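This briefing is meant to be read with the structure open beside it. Please look through the sequence and the model shown below before turning to the points that follow.

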Amino acid sequence: MTTKYQAIKGVKDILPAEIEKWQFMEKTAREVFELYGFSEIRIPIFERTEVFTRSIGETTDIVEKEMYTFSDRSGDSLTLRPEGTASVVRAYVEHNLYNPSSVAKLYYMGPMFRCERPQAGRYRQFYQIGAEVFGTENPEIDADVIGMLMRYFERLGLKELELQINSLGCDECRPKFREALIEFLKGKRSLLCEDCQKRFERNPLRIFDCKSTNCHEATKGSPTIENYRCEGCKSHFDSTLSYLDRLNIQYAKNPKLVRGLDYYTKTAFEIVSKGLGSQNAIAGGGRYDKLVEEFGGPPTPAFGFAIGMDRTAQLIQPSALSLHASAPHVFIAALGERADLKAFELINVLRQNGIRGERDYEGSSLKSQLRKANKFGVKYTLIIGDKELDKGKAILRDMSSAQQDEADMERIVEIMTKKLRER
RNA sequence: GUGAGCGUAGCUCAACUGGUUAGAGCACUGGACUGUGGCUCCAGAGGUUGGGGGUUCGAGACCCCUCGCUCACCCCA
């Protein structure tokens, strides 16, 4: 047991039994996103460490303690991507993808890496599908992209999702709010829990969503972001909400919603699901109007989100999957060496004609081979032994009716093609 | 990083307060049926009870250490 290799903690294999869900998520994402004019971009699994520290923020949990960082042979510090937006922005700027006359819409999917303690719905290698729009501040885009996301989840058959939305303000109004909050909490600092003591320094906004009742009490009567938003942010948020209304998208305003990445401005949102344990956000995102500029590009407002595939997969009902028959069409049972050789050739001829064949490779008894055929769930089995070979025939057995006929070996492909078309 | 729970056959789980040779279902292999599946019946194979140490006449069970898994905190997708 102890010498058997195991996948690393927090990392798992996605086995054939569940792969259909994953292909379904990927296929549906491509369909829906492309309907909205998005193109796929494939970004590297790792980047220079600064790409992430700059964008995500030096004092965030991700950067401080969750990144897989290592030096390559030349001594450069590299990091396995903990999220996708930073790389997309880097690529956008690097390849001058900005086009002043239109927006750029990109999506990506793949694994991300964060070295956290694993938990239900949280892995060290986890999978995200993300989308980003560059080049407009228009709140129509905020609503439109959230609409696309909701449509995607609808296509997956997910129910009982809640969209929570907030506006974090911009670099004009957020610092003012932050100041006011620090001022308000200063005197109450000793009332805060240990975690919130730290948050006070780093990210006082987070104290809002602490579960400790003391901290909850301490924030009573405190200033809220709602009163501090500047005119621009206020109207942007109001417009976003009104566009959501026009799309008939339900939402819950959550002024306490704070995201863990520093780059967000204005709109921030999460989609949460019941029945997922405590890691209940299946998607999250928002606007980041300053990031492109910080990466050396022209001032370019942007909006994006990421979907947690592992969590989403848990919510997909088996009934939502189009059960494509994975069973082979025909099983070839061979008896003896001559027949085995014939079967070896025949199965390949069948495959060349689009017929999926399976066999037994152990030289088992006919009984055992038929048992196997049954397990594969094939409609037909071809039985070949010396007797049949001598006659140039094969026995064609219908597995559901148990009826058998002899079939000319030369006409097998033709006969099977016809039979399978009949079903 | 902190806390709690759990590790018994390939899988799901039994084994009363510590007491014979650790069981069952599913799955697997073979037979009943010398070249004919599903259903049934019979048989077989499969275990260092995660690992190490200790207590005891006796440990799967109790104690310690260790490894692993899970859940929660934190944080996020």
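In this predicted model, a base nitrogen of RNA strand B lies 2.5 Å from an N or O atom in the side chain of R397. The elements that give two or more residues to the surface near RNA strand B are α3 (61-66), β6 (125-134), α7 (194-202), β10 (281-287), β11 (302-308), α14 (366-376), α15 (386-391) and β15 (393-398).

**Contacts with the RNA**

- Of the atoms of RNA strand B that lie within 4 Å of the protein, 51% belong to sugar or phosphate, while the rest belong to bases.
- With G284 the protein partner is a polar backbone atom, which lies 3.3 Å from a sugar or linking oxygen of RNA strand B.

**Domains of chain A**

- The domain assignment divides chain A into domain 1, given as 16-173 + 229-320, and domain 2, given as 330-418.
- The C-alpha centres of domain 1 and domain 2 are 51 Å apart.

**Pocket and cavity**

- Rolling a probe the size of a water molecule over the atoms shows where empty space is left.
- The second largest pocket holds about 410 Å³ of space, and the elements that each give two or more residues to its lining are α2 (49-56), α6 (174-186) and α11 (291-294).
- This second largest pocket is lined by 22 residues, and R174, D262, Y263, Y264 and T265 are the ones that lie nearest its centre.
- By class, the lining of the second largest pocket has nine charged, nine nonpolar and four polar residues.
- How many cavities of 30 Å³ or more does the structure hold? The structure holds one such cavity, and about 40 Å³ of space lies in the largest cavity.
- The residues that line the largest cavity are N166, L168, F177, L205, F208, I225, P255, L257 and V258, and by class eight of the lining residues are nonpolar, one is polar and none is charged.

**Aromatic pairs**

- A pair of aromatic rings is described by the distance of the centres and the angle of the planes.
- A search of the whole structure finds 15 aromatic pairs, and one of them is the edge-to-face pair of F33 and F305, with 5.9 Å from centre to centre and 80° between the planes.
- This pair links distant parts of the chain, since F33 belongs to helix α1 (residues 16-35) and F305 belongs to strand β11, 272 residues apart.

Technical notes:
Residues numbered from 1 in each chain as written. Chains lettered and ligands numbered in written order. Predicted model: local features only at pLDDT ≥ 70, side-chain atom pairs only at ≥ 80, totals over all residues. Heavy atoms only, no water. 1 Å grid on protein atoms, 1.4 Å probe; cavity = no way out; pocket = protein on both sides within 12 Å on 5 of 7 lines; lining within 4 Å. Points joined across faces, edges and corners; volume = space filled by probe spheres on them. Helix = DSSP H or I, 4+ residues; strand = E, 2+ residues; numbered from the N terminus. Nonpolar A, V, L, I, M, F, W, Y, C, P; charged D, E, K, R; others polar. Near = heavy atom within 4 Å. Polar contact = N/O pair within 3.5 Å; in protein donor to acceptor, adjacent residues only side chain to side chain. Domains from an automatic or database assignment. Phe/Tyr/Trp six-rings, centres within 6.5 Å; stacked < 30°, edge-to-face > 60°.
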